[in-house]
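Here are a few notes on how the sheets and helices go together in this chain. Have a look at the model first, then read on.

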Amino acid sequence: MQNKMQPAVWRSPLTLAVGAASFGAILTACLIGPAGLSLPQSLAALFGAGSENAQIIVRDIRLPRALAAWAVGAALGASGAAMQGLLRNPLADPGILGVSTAAALGAVIAIYFNLSAYGSWVTPLAAIVFALGATTVFYILGAGRISTTRLILVGVGMSSFTAALIALVMNLAPNPFILSDLVNWLFGSAANRSFDDLALTTPFMAAGLALVLLTRNGLTALTLGEETAFTLGVNVARIRTFVIAGASLMAGASVALAGAIGFVGIVAPHLARPFARHDPGRTIIPAALIGGAILAIADLVIRLAPFDYELRLGVAAALIGAPGFIWVAATTKRIAA
Amino acid sequence: MTTLIDLENVSALLDRRRVLNNVSFTANAGEFIGLIGPNGAGKSTLLRASAGLLPIDGGTILINGDPVDALAPIERARRLSYLPQARPIFWSMPARTIVTLGRFAFGGATAPNEADDAAVTRALTDAEADHLADRPIATLSGGELARIHLARTLAGETPIILADEPIAALDPAHQLSVMGLLREKAESGRTVIAALHELSLAIRYCTRLIVLDRGSIAADGAPNDILTTELLRSVFGVVRRQTANSERSDFALDPAAP
């Protein structure tokens, strides 16, 4: 009776509930909006019927936006769960190593030099390239060898430095229009994202997810600390390498797709953890599903909110997420060793 | 007799301070070796080096004939299990999941098969921790947690068990049962090396004692042969008082100490 296996993640009640919520939010996002389409018109357009305009509105504007919000939430949730497992800290964030700010720096530079004139793909690509560059710096510094504390401190330094460079670019902005573009982008949003943007960024998210899922068993063993995990037969250096690379790919691709969106990567794993019986290896997938649902629903709420100016997704995420962060910080119990 | 661990002239540095100095001994199957010595004598360092956790500065450590630092992680973990002195657990998983991590090297950490489940159940029973299996570890007391860690160490059923102060947090009854259990494990053909501070229990249960003093072996042999008045006084600063009506012994501070 003690041996009963946990049900597979995809058959658990959590998955069904969160999956239904995500699907509901994405479908609703496709069906409603300010374009004045009726529900049947929108539904028909979603499945490729009806007027061309309606199809463009539903399939090329509403659907990719909703999917982008969901994908960013899922990537941040999975990335945060893996990073928290590696660093054994429930307050670790996908951006803790500075990868998110590096990605933002890449995008900011692309916007500053108006590189999107060469194509809308340039800005997200610059973000991904910078994220990969920041990750490479960690390998040069020996991410597999240096202590966890040192890793975090180097990350804090990287974040601060790249944030300073972002500030520098904004400081040098030649006119208020560029500055406003930069600020708007940095707020984080899924609005106006296309399937091209999704096609450019989601492969990096998928690759990152695959990498961190390979480390699941190692992350579970790391709950006993790196030394004990080592004596259990865990290749700790490899786990670190994979998690840092995978989490960075997901975080960097998220920034590339939707700008800086904070706190989902901390709150989603926290919400997922009880469903995984606090096993860090089994938290990754539930955290992805919860993160996706949170941002898909949040983006829908933003679109429906009766403001004159649309609230940015990153701002909304921070408004909900920061209190969530405080809640996690205040209620997390430390286990007596 | 099978030699499971063989140390030759092992030296180790911590922060450039020499904490092990030309330590040599061989440990055979069937031995329950108590590693004793005052605080800072090098007991934990010796166990950590033997588990492959600490690079050594000189000498060789052979595990079943192979240098410990040349073994692949999985192979090393199949030959020896290690119970550290500091035992952090960062996430409040169910106790049984923690014990199951002892099967990691056998592929059974997250998808345990029947053999893994059976080994985990045996380990929980051995550590008298069956009733704790479903409890989240954040709800366990220090002594209960220590038994879960012991069960985790036993779950691999490895030929070599290295345990750093396995009975430190336990109540008297569990101290006795765990020492008895480690003795049993040795008698079933394993090698058990445990760092211990409880001299009277070490004398009673261990088949052999190795006394470490300032990084060197001060004595090595059968408990009652080596724990001479002179050694107890010079290494530990205590004297032994033999109680007339039993084989138990107790210790007092050396009245002659400065």
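Which residue of β5(B) is the bridge partner of Leu62(B)? The points below start there; bear in mind that this is a predicted model.

1. The partner is Pro67(B). The strands involved are β4 (residues 58-63) and β5 of chain B, which pair in the antiparallel sense over two bridges.

2. That pair belongs to an open sheet of four strands in chain B, ordered β2-β1-β4-β5 with antiparallel pairing. At its edges stand β2 (17-28) and β5 (66-67) of chain B; each has a single partner strand, so one side of each is left without a neighbour in the sheet.

3. Now for helix α1 (residues 43-50) of chain B. This helix lies across β1 (3-14), β2 and β4 of chain B, and runs at about 65° to β2(B).

4. Chain B also has an open sheet of six strands, in the order β6-β7-β8-β3-β9-β10, and here the pairing is mixed. Its edge strands, β6 (80-83) and β10 (216-221) of chain B, each pair on one side only. On average, neighbouring strands are turned by 15° against each other, direction ignored.

5. At the β10(B) end, β9 (residues 208-213) of chain B pairs with β10(B) in the antiparallel sense over five bridges. One detail to check by eye: Asp213(B) has Ser216(B) as its bridge partner in β10(B).

6. Helix α9 (residues 229-236) of chain B packs on this six-stranded sheet. It touches β3, β9 and β10 of chain B, and its direction makes about 40° with that of β9(B).

Note on methods. Residues are numbered from 1 along each chain as its sequence is written. Chains are lettered from A and ligands numbered from 1 in the order in which they are written. This is a predicted model: local features need pLDDT of at least 70, side-chain atom pairs count only at pLDDT 80 or more; totals for chains, interfaces and linings use all residues. Side-chain values use heavy atoms; hydrogens and water are left out. Two strands pair if DSSP finds at least two bridges between them. Contact means heavy atoms within 4.5 Å. Axes are lines fitted to C-alpha atoms, for helices over the stretch in contact, and angles run from 0 to 180 degrees between N-to-C directions.
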